[in-house]
Amino acid sequence: QLHLVESGGGLVQPGGSLRLSCAASGFSLDYYAIGWFRQAPGREREGVSCISRSGGSTHYADSVKGRFTISRDNAKNTVYLQVNSLKPEDTALYYCAASSITTAQAMCSRPDPEYDYWGQGTQVTVSS
């Protein structure tokens, strides 16, 4: 089966950190831009951070700039999202997606359900 699997979420206090992972199973991430998206209850899914196929181009939502860092390790077929200085408003279900036909910035601007692959999500809860 071809799919993406997110992991690394959890419950963390404000100011804390997590490292989210997006691992591909059954296919290589080398040919895909990868995006992290999140959806909080009652809100639309939004782009958080995206990275190009080569890793040379990244994009961040204004709300996470300076706190989140996206990276990819193609040898491990995994993309990471380091999330630091977490705030309660970061609480959401975090998803990763893969697209073979878009750029990092374009991918983040539109959480398109037609992207090639979507994971099932990992929950991040920021609370004291």
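Guide: Ser85 sits in the loop between β8 and β9 (92-99); helices (H or I, at least four residues) and strands (E, at least two) are DSSP runs, numbered from the N terminus. Do keep in mind that this is a predicted model, where local features need pLDDT of at least 70, side-chain atom pairs count only at pLDDT 80 or more, and totals for chains, interfaces and linings use all residues. Residues are numbered from 1 along each chain as its sequence is written, and side-chain values use heavy atoms, with hydrogens and water left out.

Ser85 is not a glycine, yet its phi is positive, about 50°. With a relative accessibility of 41%, Ser85 counts as partly exposed (buried is under 20% relative accessible area, exposed over 50%, partly exposed in between, with a 1.4 Å probe and protein chains only). Asn77, in the loop between β7 and β8 (78-83), also has a positive phi without being glycine, near 55°. Asn77, however, is buried, at 16% relative accessible area.

Now to strand β7 (residues 68-73), which holds Arg72. Arg72 is buried but has no salt bridge, and its nearest side chain of opposite charge, Asp30, is 5.5 Å away. A salt bridge would need a side-chain nitrogen of Lys or Arg within 4 Å of a carboxyl oxygen of Asp or Glu; Lys and Arg count as positive, Asp and Glu as negative, while His and the chain ends are not counted. What does lie beside the polar atoms of the Arg72 side chain? The backbone oxygen of Tyr32 is 3.0 Å from one such atom, and the backbone oxygen of Arg53 is 3.5 Å from a polar atom of that side chain. Leaving aside residues up to four places away in sequence, Arg72 touches Leu29, Ile51 and Thr78, among others (contact means heavy atoms within 4.5 Å).

Tyr32 leads us on to the rings. The whole structure has seven aromatic pairs, meaning rings of Phe, Tyr and Trp (its six-membered ring) with centres within 6.5 Å; planes under 30 degrees apart count as stacked, over 60 as edge-to-face and the rest as tilted. Phe27 and Tyr32 have ring centres 5.5 Å apart and planes at 75°, so they are edge-to-face. Phe27 and Tyr32 are both buried. Tyr115 and Trp118, by contrast, are stacked, at 6.1 Å centre to centre and 25° between the planes. Tyr115 and Trp118 belong to a cluster that ring pairs build with Phe37 and Tyr95.

Technical notes. Polar contact = N/O pair within 3.5 Å; in protein donor to acceptor, adjacent residues only side chain to side chain.
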